[in-house]
Every structure is written in C-alpha cells, then in structure tokens.
Amino acid sequence: MILGVSLLIATLVLFALLRLLPGDPTAALVGVGADPEQIEAARRQVGSDLSLPQQFAKFAGDLARLDLGDSYVSRRPVAGEIAERLTVTLPLTFISFVLAILIALPLGIMAAVWRDRWYGAVISVISQLGIAIPVFWIGILLVTVFAVHLRIFPSGGFPLDGWRDSAQAVRTMTLPVATIAIIMSASLLRYVRSATLDVLDSDFLRTARAMGSGFAEALVRHGLRNGAVPVISILGIELATTFLGAVVVERVFSLPGLGSMLLLGIEQRDFPTVQGVLFVSTLLVLGIGFAADLAQRAIDPRLRERRRGAP
C-alpha cells in the first residue's frame, strides 16, 4: 500500500517537474526553420497540445500499460532501450554494492573493536578520506594507474556483443566497479563502526559476557543481529544512492548504461527517453527502500510486533 502511494506521488512529481523544464519537446522533431503547421503537427504528435490534466491522464495510462513511448531520436521503444541499458547499470551497481559490503563490514567492525588502538584509528581516517574524495577523481586515478601506465584494464567502453563477450565485459567493468566500491565502502564503513560501537556499549552484551560467553561469541550471537537493523536501513539508502550515482561513473568510463542514456536524452531533448529513465530509476529506488524495510522486519521481531499493534 505504502509502496503504491509512494509510486503515485513520485509519478505526479515527475510529471510536474518535466513540464516545468524550459524548452519544447517538439524541438527534437522539427528543424530550426519549421513553419507553424509543422510545429503544430509535432505538438499533436507528442501530445503537448493537450491540457495538463489530459497529458497526465495519458501519461498515467501509458505507465499502467508499461508503455514508455518511443524515442523521438531513434524511433525505438524507450522500454526496450532501457532494458538494454540496464544490463550494464544493474551489474555495475550490484557488484559494486556486494564488494563494498565485503570490504566495509569487517573493517567497520575492526575499527569499532580496536577503537583505542592506532590501527583502528587508521581505518577510520582512511574511510573519512574516501568519503571526501569525489567519485570521478577516483575513477580518473584508477584509469591513469591501471589503464594508462600499467595497461592491465581498458580505460573505458563496453564490448559490442555485451555480456556474450564475457571476458572483455568483465575487464571493462573492473575499474568502474572498483571506483564505486571504494567510495561506497568508505561511507558504509562509518555506519558499521557506529552500529558496532552501540552494540559494544550495550547492556545485553555485558550481560552475555557476565554469564560466561567470550567476547567473540557474545558479539556474534547477540551483537551482530542487533547491529544489523540500523545498518540494513543504511544499506538500502547506499544502494539507491549508488544506482543514481552510476551516471557519473558511466560518463567517466564511457559505459552505455542508464546514466549515459539519460544525459543523451537531455542533450537531444528526447522527452520520452528522459521521462522513461527517470520513472524506471524512481521505481527501482522505491523498490530498494521497500526491500530494506522487509529485511529489517525479518531480522527484528520487535518491528513485526509493532506492525501488528502490539504494545
């Protein structure tokens, strides 16, 4: 129910914002010297001659049928182009996400457990530096080292055969994945450290140790589950941010993903392309948030009881 209402509100906001942008979508269909008859025919074709309520009704009806329209430039269905681009953007996002978790979880726990030692402080300082460095700068640095000087990986692009040429696809995705994983793990590490510190200072962990459990056993059996609840919420936010931020990384590495499709659509004033990409991105972000909420309820029974109205 909440997901449906959020999607409806997002659709309204998306529709309103796109109509507030300067410029006429018919500019992608007619030339500079078009006469009034051609302009009016183009407006009828794109539906900009209708009133705003009529435009929204058509927009919502098309979305309900999963019809994102046809591109003004390529004349291809936008939904098909988005599906092709997602084969690049989704692997880039989720592989980076998994790699960042594998890096941030152990380092965040170690930074909390060793907070009074110099190596715990070093981990925290490195994570702060990782957050401060722009993602495009990390990408350029990795290209300079591993593509230009060492010539281990390509500097950008994606094979024409896509994932059918799996070896080359993996090589071209290595540096983009590393770029996102470095930035994301630095940010995530702080939250893991904070959640672990809360667990280390908790009464239930001291009670478990007083009853004879060792430190590692008490932390694993009682601490990780309690600390996972706030971290999962942050994971959902980080995953959504990574997906939206992939536009910058795709631009740096010339990847034919959803981000580059959006930028190209904006440059060409391709209204259906921009509208379709933004809607799919919004849908994915809302879906990620909903999945994170379900995961929290599965881990913490208190949230399930609260949902049922238990005191």
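**Exercise 1.** Is Arg151 buried or exposed?

*Solution.* The model is predicted, so local features require pLDDT of at least 70 and side-chain atom pairs pLDDT 80 or more, while totals for chains, interfaces and linings use all residues. Residues are numbered from 1 along each chain as its sequence is written, and side-chain values use heavy atoms, without hydrogens and water.

Step 1. Buried means under 20% relative accessible area, exposed over 50%, and partly exposed in between (1.4 Å probe, protein chains only).
Step 2. The relative accessible area of Arg151 is 67%, so Arg151 is exposed.
Step 3. Arg151 belongs to the loop between helix 6 and helix 7; helices here are DSSP runs (H or I, at least four residues), numbered from the N terminus. Its phi is near 55°, a positive value in a residue other than glycine.

**Exercise 2.** Describe how helix 6 packs on helix 7.

*Solution.* 
Step 1. Helix 6 (residues 135-149) and helix 7 (residues 166-200) pack at about 135°, their axes 9 Å apart. Axes are lines fitted to C-alpha atoms over the stretch in contact, and angles run from 0 to 180 degrees between N-to-C directions.
Step 2. Helix 6 is therefore oblique to helix 7, since angles under 35 degrees count as roughly parallel, over 145 as roughly antiparallel, 65 to 115 as roughly perpendicular and the rest as oblique.
Step 3. Contact means heavy atoms within 4.5 Å. Among the residues making the contact are Ile138, Leu142 and Phe146 of helix 6 and Leu175, Ala178 and Ile182 of helix 7.
Step 4. By class, this contact of helix 6 with helix 7 has 10 nonpolar, two polar and no charged residues. Ala, Val, Leu, Ile, Met, Phe, Trp, Tyr, Cys and Pro count as nonpolar, Asp, Glu, Lys and Arg as charged, and the others, Gly among them, as polar.

**Exercise 3.** Identify the salt bridges of the structure and the network that they form.

*Solution.* 
Step 1. A salt bridge is a side-chain nitrogen of Lys or Arg within 4 Å of a carboxyl oxygen of Asp or Glu. The structure holds three salt bridges.
Step 2. Asp62 pairs with Lys58, the closest N and O atoms being 3.2 Å apart. Both residues lie in helix 3 (residues 52-64), four residues apart, about one turn of the helix.
Step 3. Arg65 also forms a salt bridge with Asp62, at 2.5 Å between the closest N and O atoms.
Step 4. Arg76 and Glu84 meet in a salt bridge (2.7 Å, N to O).
Step 5. Shared partners join Lys58, Asp62 and Arg65 into one network.

Technical notes. Helices (H or I, at least four residues) and strands (E, at least two) are DSSP runs, numbered from the N terminus.
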